[in-house]
Amino acid sequence: MHKHLFPIRALRNLPDLEGLDRLGLVDAQRLERIGPASTLVSKANHITVVDHHVDGETDIENVKDYVVDKVGSVTTLIVEKLRAAKMEMTAPEATLLALGIHADTGSLCFDSTTPRDASALAWAMRAGASQSAIAEHAHATLSGEQQLVLTQALSQINTTIVAGTSVSTVLLRAEGFVNGLAAVTKDVLDLSSSDVLIMSVVYDTKGKTVGKKRGKANKNQQERESSLKNVAAQEFVDVKPTGEGWNNWKMGRKAERLRDLKVSFNTRDVDGSGYLELNELSGALKSGGVLASNALVGGIMKDMDVNSDGKVSFEEFVEFAERVEKMNEEENSKATMILIGRAKAGFHLKSINLAKIFEEDFGGGGHPKAASATCKLADFAQGKRVLQDTLDRLLEDAGIQQPKVAEFMTSPVLMVNQNSVEKDVEEIFQRSDVRALPVVDDDGGLVGLVTYKELSAAQTRLNNKRKKAEKKGDGGKVAGAKVKGWMLQHVRTVGEEQTLSEAETVLLDGDFGVIPVVEGKGGDGGGGGKVKGLITRTDMLRQHQYYDTLHYNNKAFADKIADRKGIVALRKKLKAMDMEE
């Protein structure tokens, strides 16, 4: 609806551009990133590059203006130039600029966002950007095709845990290019609770028909159908549960190949009827990661169903496999693979650089936490290897690791014996300015936890008892209650060797603000283990590195234990003095 408001023309509709005066490249500074438009580079007298990918280097000669800076959105750089030139924007132009900033920065929520992006967005809003248009278009809903991809991706996702970090991959096959994969990838990342996701979609680019010819049809539609038939066919004949499968058949060992096909057929024959029906075909394609509409699944069924009885016999299944083999012998399949990588923000993911991997391996690009690339494949099987190699390199380059609890816990810590009373606990709280204490038995084993909340409740009960004693004429003398009678019991703990993310989960599940650290493995019982330290909310915030000020309020506890020797020695002396008293 807005196309007529902007001076946009397709590259194929441009006139002869020999002697082109000025050429601007936005959000790209390498030839492979601008595709067919690279032909314009040699014709331009003056080239301007505007980009926010500061880690990249241009391979384009004759760049006169190089506007590259570290901001969240490339649109911010455009806005700053417009603002400096005091240009006036129309409302649609201002809206377009605002949408660009929203898209690049996740509405100012991505960790790459800078104050300059917020300032540029504010300028666009003051220039008349339509907030209602932004609300409608900044976060568009997924199309039917994208929803199909999302459903398949969530069912096909493979996840592994590396040093407490969830790393996931998805490999799908489609009938053709799928628009809007970046939006789908972000949704998969969020819905799967993954920390890092590499999503790839492979689609056939040959368009050679596997099924029966049905007369003349629209060429593009025919190619799309042919592409999916190739994918579906390969999904059926790729199963090799016994022997050497496909290679054996090509060498003349048909018996083994037929046996393999029979196992494949029976696997897909869910109801055991001896036939493959439409719902079983659809289920088999989905379980194999093939994205297919109902209409195209029906078309494939028709190609396989030679006698048109609405179901596929084993003989028809074998005939279909033979057609696939013949097609592969006549012409090797060609495919295109799209890879999109996304990573969440997090202190333990700071070493992730998807853009570097995608650029060096595939000529792609993007940002450290969001990148994409395209590569050509010989077949779908190669796509599996490419995805695995990409994952292996990601894990190797990033060196994903999380600090162990022993590296950042507060240690040593003050503790209170289970036989202490309210007065003893209050004195430690006031003198040491702490808000929680582990409770230990005579052998130093953890038996519980006491916070200000429990102490306050215990003191209230003690004061009530004293008032009653005074009324009875007993002089108000009442013995305090031992901590083991009013402490928190069954406290969850963590072990020294557990990761930060594991400890964070325990901290957030509870409501105490601290977690005791014990020898060996932690658990839910809270009993028995020797106390080695405490983890507080502040310890966690320091590790996340949200706020620089946390590193200066208490510098001693901002570093690893190995770097705290002075303060540790001092606390041990103070603890010894407490025991002597």
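1. The note opens with the sheet formed by β11, β12 and β13. Its 3 strands lie in the order β11-β12-β13, the sheet is open, and the pairing is mixed. At the edges are β11 (416–417) and β13 (446–451), each of which pairs on one side only. The structure is a predicted model, and the points below should be read accordingly.

2. Within this sheet, β12 (residues 436–440) and β13 run antiparallel and are joined by 5 bridges.

3. For helix α1 (residues 74–84) and helix α3 (residues 115–126), the angle is about 55° and the axes are 9 Å apart.

4. On the α1 side, the contact with α3 is made by T76, L77, V79, E80, L82 and R83. The α3 side supplies R116, D117, S119, A120 and W123. By class, the residues of this contact divide into 5 nonpolar, 2 polar and 4 charged.

5. The second pair is helix α18 (residues 500–509) with helix α19 (residues 537–544). Their axes come within 11 Å and cross at roughly 140°. An angle must be over 145 degrees to count as roughly antiparallel; α18 and α19 are therefore oblique to each other. This crossing, too, is left-handed.

6. From α18, the residues in contact are L500, A503, E504 and L507; from α19, they are R537, M540, Q543 and H544. The contact of α18 with α19 comprises 4 nonpolar, 2 polar and 2 charged residues.

7. The mean pLDDT of the protein is 79, and 80% of its residues reach 70 or more. Among the elements, α3 has the highest mean pLDDT (97), whereas helix α8 (residues 246–250) has the lowest (40).

8. Two stretches call for caution. Over residues 207–217 pLDDT stays under 50, and the model has 32 contacts beyond four places in sequence for them. Over residues 552–561 pLDDT likewise stays under 50, with 17 contacts beyond four places in sequence. Where pLDDT is low, the predicted coordinates should not be read in detail.

How values were computed:
Residues are numbered from 1 along each chain as its sequence is written. This is a predicted model: local features need pLDDT of at least 70, side-chain atom pairs count only at pLDDT 80 or more; totals for chains, interfaces and linings use all residues. Side-chain values use heavy atoms; hydrogens and water are left out. Axes are lines fitted to C-alpha atoms, for helices over the stretch in contact, and angles run from 0 to 180 degrees between N-to-C directions. Helices (H or I, at least four residues) and strands (E, at least two) are DSSP runs, numbered from the N terminus. Contact means heavy atoms within 4.5 Å. Ala, Val, Leu, Ile, Met, Phe, Trp, Tyr, Cys and Pro count as nonpolar, Asp, Glu, Lys and Arg as charged, and the others, Gly among them, as polar. pLDDT is the predictor's confidence in each residue, from 0 to 100. Two strands pair if DSSP finds at least two bridges between them. Angles under 35 degrees count as roughly parallel, over 145 as roughly antiparallel, 65 to 115 as roughly perpendicular and the rest as oblique. A crossing is left-handed if the near helix is turned anticlockwise from the far one by less than a right angle, and right-handed if clockwise.
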